[in-house]
Structure formats: C-alpha cells, structure tokens
Amino acid sequence: MEDVLATAEGEVLVKLVKLAQKLGLKGKHGSWKEFLDFYDKQLGSSSLSDPSKRRKDDLVAFLTTLKKKEDLQLLARVLKLDNDVFEKCRKKSPDETTEQRLVRMTLTHDEYPLDYLFPSNAEDWVITGLGKKKMEPTKIEMIAIDCEMVLCEDGSEALVRVAAVDRDLKVILDEFVKPNQPVVDYRTFITGLTAQDLEKATLSVVDIQEKLLMFLSEDTILVGQSLNHDLKVLKMDHARVIDTSLVFKYNYDGTRRPLRLKRPSLNHLCKCILGYEVQKEGVPHNCVHDAEAAMKLVLAILENGVETSVPLSKEMLEAEKSKLYLHKIPCNVPYEELNGVVSRDIPHEVKPSKKQDRHYYSAIVVFRSPEEANQAFENIAGDLGKDSTGLSQKQVFLELSSSGPRYVLIRKMVEDDLVGEVSAEEKNASSKKRKREKDSKETRERRRCKPLRRKKQRSYVNRR
C-alpha cells in the first residue's frame with residue numbers, strides 16, 4: 001500500500017483523506033485531525049486541516065497509519081475505481097460471456113482490491129492494453145502465465161523464469177530472467193533452479209514486459225493462480241484477469257457456515273477438477289505446467305460447465321476437527337487465562353483472534369487430534385446447545401474474581417458426521433473428473449480443427 005500511495009496523484013490522495021475524515025477512520029495516531037496534532041508538533045509546522053492545502057507527503061504519512069484490513073480494502077477499492085477499464089469489467093452486462101463472468105467474479109471478490117493494488121504509476125511499471133487496437137468481441141483471447149521467483153539480498157523477490165500458454169495450451173513464452181539484485185535464496189526446492197541455471201540468462205524484466213505486450217490488448221484476459229504475485233514481479237497491471245484462487249472456493253454440505261480456510265491451492269484444484277496432481281511433494285514446480293493447469297481449470301468451466309466450488313479434503317476436515325472456537329470473550333479477560341477454560345488435562349494451544357470490537361473477542365483452541373478436541377468438548381461442564389449455523393456449542397462460566405462473573409461460548413468447528421459426507425463427495429467427484437478430462441481433450445481437438453466456427457458458435461450461445 002505504501003508504494004501505491006507514494007506514486008498516486010495528489011488529487012487522489014486528497015480524495016482518500018477526505019473519505020477517511022467522512023467515515024471517521026483512525027490510524028496509529030487517531031483521526032486525520034488527531035494525526036495532524038501529533039504530526040505537526042513533531043515537525044514544528046502549522047496545522048492546516050484542509051487536505052487540499054497539505055503537502056503530498058503529509059497525506060501519505062496519514063494514510064499509511066491506517067492498518068485495519070477493512071480500511072485498507074476501502075482505500076484500495078477507491079484507488080482501483082479511478083481506472084475506467086477496471087470499473088467497466090466489474091459491471092455485469094446483458095450479453096456477458098462466461099469469460100467475462102469469471103473476470104467479474106475475480107474483480108468483485110473481497111480480497112481483490114488489496115491483492116491487485118499495484119504502484120502502476122511507477123516508472124518501471126507497465127499498464128497493459130493502453131494504445132493497443134481493441135479486439136472484436138468474438139475474438140477475446142486468454143493467456144495463462146506463471147512465474148518463478150527468488151529471494152534477493154535486499155529482501156525483495158526477483159523474477160527468474162516466466163511461462164505463458166494460450167487458450168489451446170500452446171506455450172507462447174518460456175524464458176529465464178537475469179535477477180537484478182544479488183540472490184540469497186534460489187528456493188531450489190520450489191523453483192528447481194540453481195545459480196548455474198541462470199548463468200546464461202540475459203533477459204531483463206523490461207525484456208519480458210516487451211515480449212508479453214506483443215500478445216496483449218485491452219480485451220485479452222490474463223489467467224493464473226494467485227496471479228497478483230506474478231503481475232507484481234512482472235511489474236505489469238492488467239485490468240481483465242481471471243484468478244483461479246479467487247474464482248474457486250471451498251464448499252461442503254451447504255447447511256452450515258463455510259469454514260474459514262485459506263484459498264484452494266492449485267494442486268488441490270487440479271486434483272478436484274482435473275483429476276491429477278500438478279505439484280507433487282518433493283518435486284520442484286514447473287511454471288509451464290502451472291500455467292497450463294490454470295488455463296485447464298478455466299477451460300473446465302467454459303467448456304464443461306464445472307462448478308466453482310470444490311470439496312474439502314479429509315485432511316482439511318481432520319485439521320478443523322482438531323480445533324474448538326471460543327467467542328463472546330470479554331475484552332477485559334486476557335487470553336492467557338483461557339487455557340484452563342476448555343481443558344486442564346488435555347494439551348492445547350489458545351490462539352486469540354486479531355479482530356475484536358469494544359466488548360468481545362474470539363479465539364481458536366488447537367488440539368493434537370480430533371479425538372482430543374472432541375474429548376475436551378465433552379468434558380466441558382456447560383449447557384449443550386446449537387449456534388445459529390447448527391454447530392454444537394456450550395456456554396461456560398468464567399471464575400475470574402477480578403472482573404466479576406463472565407461467560408464465554410465454546411463450539412465445535414465441524415460436526416462429527418461431516419468427514420464421512422466429504423469423503424463420499426470426493427469419491428463421487430473423482431469419477432466425474434475423469435469424464436470431464438476426456439471430454440475436454442475432445443473439445444480442444446475439435447476447436448483446433450475449426451477455430452473460427454467454434455468461436456462464432458460460443459459467442460452466439462453466450463449472447464442468448
């Protein structure tokens with residue numbers, strides 16, 4: 001965020017500060033006026049509260065004190081909305097194609113504003129599609145990219161390899177890149193690369209930008225898994241993107257609140273949707289294979305209509321069953337005092353949530369196994385009930401003499417019968433994957449033989 005704010009126009013920064021004033025956003029030193037009292041006192045300058053009459057550095061200094069995730073997402077969204085192309089992509093149109101729907105799903109995801117907020121106005125960054133001839137609606141193309149990065153001496157990441165494939169899974173780019181900083185970690189276990197592999201590399205990031213720009217227009221759709229990381233090291237900002245980590249989501253029986261898990265990994269998506277592992281344990285990544293996998297996932301939606309929800313694995317459910325959730329914890333109760341609330345005999349770790357309101361906070365209690373978590377829950381002396389989503393829950397009295405009588409709620413993360421349901425779902429999905437994989441190959445072969453007819457047919461169907 002700091003890099004983006006530093007390169008933003010003064011008018012945009014004024015707009016952001018005024019918005020922060022209107023919404024009462026507060027940073028480390030309070031609101032805008034409270035910040036100025038502190039800031040001007042430190043610098044010995046006059047206190048002008050009108051943002052339009054302050055220096056750009058003053059505005060940036062205040063905005064960088066805002067650290068709450070929801071505040072940062074708001075600022076990021078406002079910054080992105082200044083991009084006309086971005087705003088156009090976010091809106092649903094009557095004749096929206098499936099490709100455009102996936103772009104919109106990416107751009108309207110809650111995590112998108114922060115993930116894709118880039119310092120695009122910096123000198124070494126490229127905003128793609130500008131000045132390029134606009135493509136016909138029936139000729140929208142997709143390109144999947146994936147990059148490998150190494151860790152540099154200054155703590156930054158450097159691009160060392162980039163791969164790109166087109167819609168037909170043809171490799172259109174596969175190049176090694178010379179790092180522009182001394183490398184301290186080649187991450188060989190991930191990248192598969194060593195110093196010797198890069199000795200003959202001569203291309204720079206600028207060279208790669210130029211090569212990629214040959215394939216990109218305003219209407220080209222870039223595809224990738226966590227594509228924001230790739231665009232960041234490429235120093236390229238592109239409006240139309242399909243990020244498979246944002247399009248796909250975890251799902252289970254649909255009657256309870258979704259589990260708060262990380263985004264599905266590329267490997268998990270490939271196993272669920274495509275029926276194979278693209279990244280095997282102990283084997284380094286291959287960015288060509290990863291780019292192909294991201295494109296295959298998108299094609300599975302476009303050509304076979306697969307759902308964008310994927311089942312949880314048994315391992316994930318087991319991990320969730322090894323936890324209990326504490327909520328409605330009074331803020332005046334230190335989380336260290338919660339260790340004996342759940343169990344005094346079974347080893348566990350209490351992890352408080354980073355978020356809390358003025359009165360309460362929550363915490364996760366982690367056990368060594370589902371059996372121990374279940375036993376701890378059974379041993380809790382409290383009234384058994386259900387929360388609003390149907391999960392088992394108990395109310396527990398806290399014996400804290402210093403703060404008076406207090407209660408907390410302790411519930412399970414997953415019901416016991418859910419693992420069996422997920423296992424059956426995975427088994428049923430596995431047979432469908434094999435059929436989809438076969439159908440997908442046949443579809444691509446037909447499209448290679450009659451590309452023009454296929455594209456026209458797809459456009460006609462989507463317009464209907």
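This is a predicted model: local features need pLDDT of at least 70, side-chain atom pairs count only at pLDDT 80 or more; totals for chains, interfaces and linings use all residues.

User: Okay, α14. What span should it have, and how far apart are its end C-alpha atoms?
Analyst: Helix α14 covers residues 287-304, and its 18 residues should span 26 Å at 1.5 Å a residue. The end C-alpha atoms are 25 Å apart, which agrees. The expected span is 1.5 Å times one less than the number of residues. Helices here are DSSP runs of H or I with at least four residues, strands are E runs of at least two, and both are numbered from the N terminus.

User: How many of its residues are buried?
Analyst: In α14, 15 of the 18 residues are buried. Buried means under 20% relative accessible area, exposed is over 50%, and partly exposed is in between (1.4 Å probe, protein chains only).

User: And what sits at the ends of α14?
Analyst: N286 caps the N-terminal end, with a side-chain oxygen 2.9 Å from the backbone nitrogen of V288. After the helix comes G305, whose phi is positive, near 65 degrees.

User: Switching topic: how many salt bridges does the structure hold?
Analyst: It holds 15, each being a side-chain nitrogen of Lys or Arg within 4 Å of a carboxyl oxygen of Asp or Glu.

User: Which residue does R263 pair with?
Analyst: R263 pairs with D115, and their closest N and O atoms are 2.6 Å apart. That links distant parts of the chain, 148 residues apart: R263 is in the loop between β9 (249-251) and α13 (266-274), and D115 is in helix α8 (residues 112-115).

User: Are those two buried or partly exposed?
Analyst: R263 counts as partly exposed at 31% relative accessibility, whereas D115 is buried, at 17%.

User: What about D174, which residue is its partner?
Analyst: D174 forms a salt bridge with R161, at 3.0 Å between the closest N and O atoms. D174 is in strand β4 (residues 171-176) and R161 in strand β3, 13 residues apart. D174 is partly exposed at 35%, while R161 is buried at 13%.

User: Which residues share partners in one network?
Analyst: R54, R55, D57 and D58 are joined into one network by such salt bridges.

How values were computed. Residues are numbered from 1 along each chain as its sequence is written. Side-chain values use heavy atoms; hydrogens and water are left out. A polar contact is a pair of N or O atoms within 3.5 Å; within protein, one must be able to donate a hydrogen and the other to accept it, and residues adjacent in sequence count only if both atoms are side-chain atoms.
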